[in-house]
Amino acid sequence: MGPDWPVEPVRPGPGRSLPKAAHDKIGEKPLNRPMLDPIAFAAERSDPLPPFVAVREVFLRTVGSNPLLAVFFLARRPSSIEFVLLAVVLSPLPSSRRPLEGKTDGAFVHQTMNKWPSSNLGYSEWFDDQSGFQNLACLSRLTLTQKQQHQQLCSYITSPASRPGLVASGLCRRLLGLAGMSRLQGSSSSLKRKRELALVSDTLTDGERVLYNLILSKRDMGIWSGDMKRETNLPDNVVKKSLKLLQSKGLIKEVVNIQNKARKHYMAAQFEPSKEITGGDWYSEGNLDKELINAVKSVCLKYISRQKVVTCDGVLEWSRKSGVFTAEVSNQQIEEILRTLVLDDEIIEVKSTGYGDFENVPVGRVCYKCKSKGGVRGEPKDGAMSSIPCGVCPRINFCSPDGIVSPRTCVYYQKWLDF
Amino acid sequence: MVSQYGFKFAIHLITNHFGKIVAKVCETLFRKGPLSLGEIIRSTELTPEQVKNSLLVLVQHNCVQAYVPADQCTIAFPPLFSNFFMFAIEIILFSVNVVRGEDGSMATVEYLALFDNIIHRLRFPKFLEIAKHQLDDECEKVLDGLLRDGRLTLKQMVERAVQGKENPGAIEAVVRESFHKLLKAHYIERCPAPEPVVSTLIKAESAPRKRGSKMAKKFEAPETIEQRVLEAAVPGEAIRFAVTAYTLGNADREAKSDDSSMVNDGDNSGKFIVILCESLIYVTKFYCTHISSMILIFLHFFTWIQGGIANEGSILWRANFEEFIRHLRHKLLVENERKRLDDGAATILSAILDVTKTVEKKVKIEKSAPLSLDSIFTEVTKTEHGRTMTIDRVRASLVQLGCPQRNFDDSYSIDLKSIVEMARNEEVESIVLKRFGSDAYRIFRLLSKSNCFLETDKIAESALVDKKETPRLLYKLWKDNYLYMEKLVVTAAKQSRFMLWKVNKPLLWEYVLDEMYHAALNLSLRLAFEQEKDEDLLHVPADKLVPADKSSEANALQKRYRRLRDVLFLMGSSLMKLDDALMLFHDF
């Protein structure tokens with residue numbers, strides 16, 4: 001039993017601190033340990049398990065019955081320090097844990113890390129096949145797409161009654177962002193990736209390998225299928241077939257390119273699409289999340305209207321202290337929102353003079369204050385031209401005194417003068 | 001350069017006020033530029049009598065100015081004289097020589113349509129309101145007469161006021177007093193010279209540019225023919241607001257004295273100097289003499305010999321549109337700052353503008369005349385709202401008004417041009433918001449503020465507009481001339497095309513102004529149409545419109561009347577509001 005290829009022990013990265021015993025334990029080849037029968041184990045448990053974790057009862061044994069944590073484990077690579085902390089926070093009481101045989105509690109995380117689908121260790125026994133290809137097939141089944149992860153996360157966050165959907169989706173995004181970061185972090189993960197690449201390339205056909213290498217080289221920018229054809233000079237049918245297969249193997253994924261939604265854009269599975277592809281922080285599935293933006297704008301505007309002057313840092317600090325956004329917002333995001341409010345003419349940007357209202361602000365610092373419009377706040381003043389039909393008429397260029405469109409026959413005037 | 005709809009609107013105003021024949025002459029002058037009488041007759045295909053009468057009406061109402069092009073004169077006669085008598089001899093000798101053109105024919109007088117003065121006719125109600133509020137009702141009546149008749153002498157103003165009234169003496173006194181008040185406030189002025197000689201050649205650069213000079217030469221648009229004609233025609237400052245020729249522009253003195261008839265008192269030598277100066281002004285301005293100028297000079301000489309009585313019957317007066325526009329500009333500046341800042345800043349700005357009004361050489365000044373803080377403070381404390389202000393408050397408001405640093409001589413001057421530009425930006429932005437929506441509004445404001453080229457994606461990111469929507473909105477704005485676009489092709493590994501966008505404010509403002517003229521024309525036409533539609537209502541006796549009558553016919557009539565009244569009120573007030581915007585973009 002066990003894989004035919006040499007297995008190297010997993011060493012903890014620099015950010016981790018473990019008892020010495022754990023280090024020693026990690027040095028053991030986990031394949032030497034007896035494996036549990038997953039089906040038997042599931043039968044022993046009285047509480048039902050979500051289907052997608054049924055195969056991963058090993059994790060459940062160590063992390064307890066918190067399905068959320070299980071989902072995190074599924075969705076994340078083990079190399080992320082944030083994830084580790086999250087796992088620790090969300091994990092159940094020690095008494096409910098069932099440590100793996102031969103392991104202490106302090107090292108359980110690393111024990112579970114040894115069982116990751118991406119690692120070569122231990123899962124091969126769960127399946128009756130011996131071929132690398134089928135192992136890869138299993139790996140692909142185990143890996144969820146980002147969208148599925150998002151949906152599952154949201155479904156496991158508490159109900160809308162207790163937390164607004166905005167917060168939930170914001171939290172999801174944040175966590176997904178962490179996941180995206182976590183996929184790229186850590187020196188040990190690069191080592192692991194190299195091993196995976198070596199494994200993967202050996203199991204691909206020539207066409208698939210060429211395409212996969214090309215896609216991988218594009219990292220978080222991805223590549224359009226048309227560009228792939230051009231760069232690889234592969235026939236169209238080969239490209240299509242290979243892409244399908246790579247996708248089914250979970251090596252690549254299709255992402256929405258905000259620049260051109262109609263085009264099929266592919267990226268290696270381990271990368272999160274960059275800002276140029278997604279559109280940025282305010283985009284969701286290729287669309288600008290206007291509701292989110294308007295909600296954040298409204299909250300910021302209400303705060304600013306209660307103050308004489310505010311700075312960007314002040315708004316950020318207030319948002320963190322008040323907890324109005326349960327997801328963390330960055331300074332840049334607040335700045336973008338404030339800039340948009342300036343463009344909406346809701347607030348004005350001024351520089352501090354150090355006197356009067358600017359007493360507490362250093363001289364020269366950029367500040368914002370609410371703009372009173374026409375003497376009555378909130379009511380925009382109509383211009384002279386915009387308050388008559390001609391001012392907003394889309395046909396003014398076609399209008400002439402004796403033409404088909406003329407002031408005498410104009411329907412907009414008719415409406416305007418209909419008292 | 002006046003836009004297409006600007007001309008159309010001006011012609012519409014002339015048609016409404018003077019009829020189609022006069023409008024046809026005016027239109028010909030607009031289309032073909034300054035023309036002589038013969039050329040106008042040929043172009044309009046009207047009879048000479050009709051054209052002459054039309055020109056008389058237009059000149060009378062200050063809508064057309066006659067002049068003689070200087071390049072048609074072959075004789076250039078610099079006024080060289082050592083004393084008055086030598087000057088008189090030279091003039092007499094010269095007057096024998098007839099001014100001739102190159103081919104020996106008489107130099108022809110050309111007629112130039114004055115676009116600005118025609119558009120001012122739309123604002124007469126505003127000018128009357130200003131006179132009423134600044135001065136009194138009697139001044140308003142005198143001004144009303146001047147606006148209706150174009151030009152009047154003082155005698156004619158009196159005759160007009162006393163016509164059919166009892167107690168003409170008292171009325172005459174009131175009219176004279178009002179006249180002097182208007183003159184003191186510079187709301188009326190002497191009429192310009194009838195046919196000044198004007199050079200129509202464009203001046204070449206006077207000095208060659210130094211090579212390697214790092215100072216960029218500020219581009220100044222060449223003077224238009226209209227500007228030159230007006231400059232040549234306007235009387236000198238010494239006499240422009242003077243009641244008689246025997247003062248050096250001190251209208252106050254004239255107003256206080258008994259001016260029913262001027263007595264030849266005082267200094268004869270002073271009068272001699274005045275005539276000499278006047279003559280100098282006329283001759284040097286016109287550069288080569290003209291028969292009418294000669295006549296004027298002799299007239300003054302003659303009246304000097306006569307002993308000089310106030311020439312109430314010969315000096316023509318008209319409304320000084322420039323002063324009214326200046327007043328409206330100041331009003332806009334103050335109101336805008338009141339809205340943007342507070343009442344205190346508005347009070348201070350108003351005080352500054354009142355004090356510096358008299359030194360303004362033209363309406364469209366960019367900065368207010370420099371004033372020291374003490375002078376500003378003194379003026380502010382004289383006002384009702386500024387009485388309780390401290391000097392620190394005044395200083396703080398000056399900073400808010402955009403005047404943070406004093407000039408090198410410790411004086412302050414306000415940047416008025418920026419206030420006008422802000423008002424223009426607001427007006428254009430409100431059009432964009434209403435016409436194209438809030439996303440386009442944000443994009444437009446972003447480009448307007450940045451005042452440089454921005455790429456499409458950068459615009460989408462900065463304005464938080466959907467990246468798919470952004471090109472569509474930009475294209476809409478560009479198609480309607482609100483944006484300027486350039487394409488940039490970058491050839492690297494792959495050819496990339498970028499679209500760069502910018503707001504070109506001078507071009508945009510010209511375009512918006514044309515749209516405003518178009519809208520003003522449409523409003524006027526629709527107003528006329530609504531009046532025509534319910535013209536019969538204007539002839540219905542008032543008792544039939546009395547609400548007490550409950551019959552259905554009366555009800556319908558009342559309903560129609562109410563509707564017409566509301567329509568006229570709405571459209572009239574909209575037109576006045578639009579006129580404010582026209583002034584903002586053209587006159588301020």
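**Where chain B meets chain A**

Hi everyone. Across the interface of chain B and chain A, four salt bridges are found. Please keep in mind that this is a predicted model. One of those bridges joins the side chains of Asp344(A) and Arg442(B), at 3.2 Å from N to O.

Which helices of chain B each supply at least two residues to the side that touches chain A? They are H20 (416–436), H21 (438–450), H22 (456–463), H24 (505–533) and H26 (552–586). H24(B) gives the most, with 13 residues. By residue type, that side of chain B divides into 23 charged, 19 nonpolar and five polar.

Now for the extent of the contact. Chain B brings 47 residues and chain A brings 49. Together the two chains bury about 4200 Å², and carbon and sulfur atoms give 57% of that area. Leu464(B), Lys467(B) and Arg526(B) supply 16% of what chain B buries against chain A, more than any other three residues.

Glu45(B) sits in the loop between helix H3 (37–44) and helix H4 (48–60), and has a positive phi of about 60° without being a glycine. Asn62(B), in the loop between H4 and strand S2 (64–69), also is not a glycine and has a positive phi, near 60°. Is each one buried or exposed? Glu45(B) is exposed, at 71% relative accessible area, whereas Asn62(B) is buried, at 3% relative accessibility.

Technical notes. Residues are numbered from 1 along each chain as its sequence is written. Chains are lettered from A and ligands numbered from 1 in the order in which they are written. This is a predicted model: local features need pLDDT of at least 70, side-chain atom pairs count only at pLDDT 80 or more; totals for chains, interfaces and linings use all residues. Side-chain values use heavy atoms; hydrogens and water are left out. Contact means heavy atoms within 4.5 Å. Buried area is the accessible area (1.4 Å probe) that two parts lose on being put together, summed over both. Helices (H or I, at least four residues) and strands (E, at least two) are DSSP runs, numbered from the N terminus. Ala, Val, Leu, Ile, Met, Phe, Trp, Tyr, Cys and Pro count as nonpolar, Asp, Glu, Lys and Arg as charged, and the others, Gly among them, as polar. Buried means under 20% relative accessible area, exposed over 50%, partly exposed in between (1.4 Å probe, protein chains only).
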